[in-house]
Amino acid sequence: LGDIMILYGEAQNDMIERIVIREANIKDSDTLLKFHHAIYKYHADRVSFPLEDEGDLLDRIKEDFKTHYSTVFLASLKTSISSVYVGFIEIRADREKRTCYIRALWTTPEARGKGVATRLMNVASVYAKEKGCNTISLDVYDFNTEARSLYEKLGYKEKERTTCSACYLKTPIACTKTASIPSLSRARCKRRLASIATFGRG
């Protein structure tokens, strides 16, 4: 994928604002820690995440980089005078099953509506193809209608719906398991259902 991909630009406030996406590395661990805290805070009223010490969470993020457990791409909005990180996507490839699993996707509220999440998802598709995966799967909370709308727009189909303790829900809200289904080959236009990865590393 290369170190940096400039995916689009448009005029805003007499400057060109570009979305730049690059693969993250262990030096980005503090940035990812802040994003994980933002995710927990955003869903705090509806999801009870397991308590994790900040130091332990940072160590886990770094360990994932060291062991190459998954791959993370960071998105930033750049102009001629500034650059701000506005989101990330974390992907794990299972070459044996030929499936890629999107473990996390996040964009900051101020970046929404600018195409950042869509472009991060597009990067996931390119990554999956490079890893030899036929499908991409992900899990999404049923109440997260904004995310569900994005996935459906990109060709993802609902595979399974469940209420499970592994979702750490504060109330029994349905947790939808969604699978992507766009064939990663340009020669085909058919949609395929994927096997769904379970929550956690287990």
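Glu152 is partly exposed at 48% relative accessibility; here buried means under 20% relative accessible area, exposed over 50%, and partly exposed in between, with a 1.4 Å probe and protein chains only. The model before you is predicted: local features need pLDDT of at least 70, side-chain atom pairs count only at pLDDT 80 or more, and totals for chains, interfaces and linings use all residues. Residues are numbered from 1 along each chain as its sequence is written, and side-chain values use heavy atoms, leaving out hydrogens and water.

Glu152 meets Arg148 in a salt bridge at 3.7 Å, N to O, a salt bridge being a side-chain nitrogen of Lys or Arg within 4 Å of a carboxyl oxygen of Asp or Glu. Both residues belong to helix 4 (residues 145–153) and sit four residues apart, about one turn of the helix. Helices (H or I, at least four residues) and strands (E, at least two) are DSSP runs, numbered from the N terminus. Arg148 is buried, at 15% relative accessibility.

Arg148 also forms a salt bridge with Glu158, with the closest N and O atoms 3.5 Å apart. Since Arg148 lies in helix 4 and Glu158 in strand 7 (residues 157–162), the pair ties together parts that are 10 residues apart in sequence. Glu158 is partly exposed, with a relative accessible area of 38%.

I turn to the remaining pairs. Asp28 and Arg22 join in a salt bridge of 2.7 Å, N to O. Asp28 is buried at 7% relative accessible area, and Arg22 is buried at 18%. Asp64, Glu90 and Arg103 are linked in a network of salt bridges. The count comes to five salt bridges.
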